[in-house]
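Hello,

Here is the model we spoke about, with its sequence. My notes on it follow below the display.

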Amino acid sequence: MDGFGLLKKGLLRRRGILAAGAALGATAFGSTVLSGCSVPEPPRRAQPVADPAPGVPIASTRREQLMQFAAHPDDDLYFMNPDTQRMVDAGVPLVSVYVTAGEHLGENRIKGMPPAPPNRAAYSSSRHQGLRQAYAKALGLDMFTPWQKGVTTLQGGRRAEINTLVHGGRRVELIFLNLPEHAPRRYLALTSLWRDRALELRTHLSADSPVDRSDSYDHDQLIDVLVGLLDRYRPTVVQTLDPDPDVQVSPEAVRKRDAEQPGYSDHSDHTAVACFTWAALIRWVAEGQKGPGQIPAFVATAFRGYYNRHWPKNLPPQVLKEKAGHLFAYGGNPDWECGNASGCGDYGVGGGRPLKNTKGWVRATHYRWPGAGPAVVTRPDGRLDAYGVLGLRAVRWRETERGTGVWGEPTDLGGGPLVPALGSATLPDGRVLLFGVRIASLTGRGGPNKREVVLLEQRSPDGPFLAWRGLGNPERKDDRGRRVGVPVAVTTPDGRVHLFLRNADKGVSTRVRSTDGSWSPWRALPVTEEIQDGLDVVVDADGRVHVLAAGSKTVQHWIDSVPAAPLPLAGDPVAAVPGRGRTGLDVYYRKPAAKELLSQRHGNVSFDGYGPVAAAADASGTVLLGRDLRGRVQLRRGGRLWTRTQGAAAVQSSVLRLPPEGPVAVGLGADAHPWVWRPAQRSGATSHS
């Protein structure tokens, strides 16, 4: 059983087979599902292959463009906000692509409404109207502001509805591909399309849409369309759903109630659309490598979905109120006069229902690969190097002059396609090690879906790199290997490098590099409860390695791979700072759904916000870096608080460094370039005592 679970029996439309009147009867054909049909399938079409070798030119641009891909209308509002809203607020143009029509069973009602015949075309249209209401609100407009509605032509002559709204120099475009959620007999249509290369789906026609004819899609044609959209808009930030949801075994009644696929913590449509999107990203980059081409420069982020139900919630009331407000606009009300004849939203989501929903999806936002930001290294001359993932490949930016924060163009280090987070460690002689997770295969249609931990090692200090090297995977089976997390590494005083990552059992696996460069086998640390990704690893004054991970009931803590006393429950990854001398650690964390940042030793430290924090110590004490309640980067040092107010919108987390001249924050922006912020030295910040 793969990440899409088990398919129900039913009737598929295959090439050369009539849907209802085929020579094979419906019952007999349905009993064969996908594997038993003797009808020959067409051969797979040859696709461009990603080349992991370094040295490919990278497209250079300072424009900003956010593009996000969702399975259903509302996936972005539930799982990608508040990140989407923060970038829209910063003026980043948004293109949001919805793969399904969202028609489901065609029932748009809430308890107490009179029953009505199901109408899939009307329900799909009403959900689209709900999105227009939500994004009008996101632009600061009246919810019923008219949009420009039109038809856009896609790859292969297919057509899709496009809605556009512009206000104050900000732009939002909504594109509806309108593939069906269900094929005949309620098949999981997109799951089937990902797995079966002989399946074709006809698009759904929504009411009140300018698109008046249906198109067909097979597996490759959907990827072609997504690649075409990526190439048309050339986004600098791409947001997707989770292609590799957690293993989640729940009682069958609970699983059905929560609409999760068998064995995994997400809806099967979310997983299928995420896989199609990542397959399209990989193909887009591979096509850019052909001939004298260039790698498209973009930063990718994948968001967890129904995962949110199973873990402590991490959005404080102020942020949650804003996020839920967009769902209020999307859900709408049957009494509203919105100008759309088929309805004014997805009524089951209207009012305060998302906040009352016991699943709690709206109450958290989690990244699939929660990296700590770019890996930043100080060169011998004091200039900074930043390493990150751009266009699914490892790259390095170099500061042109010390302290300027001006970066040269990125240098391609290869290794792709990589998930969008790197771990790093620096050896005693100054050589840099980079760790990533490579998408070794993502083919669908019954093909392999595999991940591999990889290493890039510097040949000499400040010098070139050796070839990429595979470190395998702590999981023996490919399906479990998809679930591994972001590698995190640290160098101990004896010169060894300790590598850690979350495994498929929601525990921690580790390997150790000896001083001669050899690696120990993978092994799992003993666990007492499941943990989230986003590990923090530090070395104390005695050279002991501490690993901390936010769990389901506590913060788990290991010292030299041995379980230590757990810490209080946290909603997000924690940050630890070694104490002075031999005084242990101080751990910084937020309780679930709380804005206050707490110190294990000192209590509240006046650093309200949300999301992960970074912490390090200098002569003034502990320096903190994170996001405030408006999503802006903030830094606290010596009792003073600075807020970053200029520059490109920050994407995901930023990293903290403490050179002699003062704290430095480095992150990636919505323009797919790194930014540097030295709050105590220059403008671009507001200061508070």
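**Pockets**

The lining of the largest pocket divides into 35 nonpolar, 11 polar and 4 charged residues. In this count Ala, Val, Leu, Ile, Met, Phe, Trp, Tyr, Cys and Pro are nonpolar, Asp, Glu, Lys and Arg are charged, and the others, Gly among them, are polar.

Before the rest, note that this is a predicted model, in which local features need pLDDT of at least 70 and side-chain atom pairs count only at pLDDT 80 or more, while totals for chains, interfaces and linings use all residues. Residues are numbered from 1 along each chain as its sequence is written, and side-chain values use heavy atoms, leaving out hydrogens and water.

The volume of the largest pocket is about 1,400 Å³. A pocket here is an open set of points on a 1 Å grid over the protein atoms alone where a 1.4 Å probe fits, with protein on both sides within 12 Å along at least five of seven lines; lining residues have an atom within 4 Å of a point. Its volume is the space filled by probe spheres set on the points, which are joined across faces, edges and corners.

In total, 50 residues line the largest pocket, and those nearest its centre are Ala 372, Asp 536, Val 537, Val 655 and Arg 657. Two or more lining residues come from each of S12 (375–378), S16, S20 (488–491), S24 (536–539), S28, S32 (610–618), S33 (621–627) and S36 (650–657), all of them strands. S36 gives the most, 7 residues. Strands (E, at least two residues) and helices (H or I, at least four) are DSSP runs numbered from the N terminus.

The second largest pocket has a volume of about 1,100 Å³. It is lined by 40 residues, with His 104, Ala 259, His 267, Tyr 306 and Trp 361 closest to the centre. The elements giving two or more residues to this lining are helices: H2 (75–80), H4 (120–138), H7 (252–257), H8 (268–289) and H10 (353–356). H7 has the largest share, 4 residues. By class, the lining of the second largest pocket holds 13 nonpolar, 9 polar and 18 charged residues.

**The chain overall**

The chain has 11 helices and 39 strands. Its C-alpha trace spans about 75 × 55 × 50 Å along the principal axes. Of the 689 residues, 62% are buried; buried means under 20% relative accessible area, exposed over 50%, and partly exposed in between, with a 1.4 Å probe and protein chains only.

**Strands and hairpins**

S16 runs antiparallel to S17 (residues 432–442), with 4 bridges between them; two strands pair if DSSP finds at least two bridges. Gly 423 has Phe 435 as its bridge partner in S17. The two strands form a hairpin with 5 residues between them, and Gly 430 in the turn has a positive phi of about 95 degrees.

How much of S25 (residues 545–550) is buried? The answer is 6 of its 6 residues. Val 545, Val 547 and Ala 549 are buried on one side, and His 546, Leu 548 and Ala 550 on the other. S25 is joined to S24 by 4 bridges, antiparallel, and Val 545 is the bridge partner of Val 539. Their hairpin has 5 residues between the strands, with Gly 543 at a positive phi near 80 degrees. S25 is also joined to S26 (residues 555–559), by 5 antiparallel bridges. There Ala 550 stands opposite Val 555, and the hairpin of S25 and S26 has 4 residues between the strands.

An open sheet of 4 strands, in the order S28-S29-S30-S31, has antiparallel pairing. S28 (575–578) and S31 (603–604) are the edge strands, each pairing on one side only. S28 is joined to S29 (residues 585–589) by 4 bridges, including the one that pairs Ala 576 with Val 587.

**One buried leucine**

Leu 327 lies in helix H9 (residues 317–331) and is buried, at a relative accessible area of 0%. Leaving aside neighbours within four places in sequence, Leu 327 is in contact (heavy atoms within 4.5 Å) with Leu 77, Tyr 78, Val 349, Pro 354 and Val 362. Ser 250 is 77 residues from Leu 327 in sequence and 27 Å from it in space, C-alpha to C-alpha.

Regards
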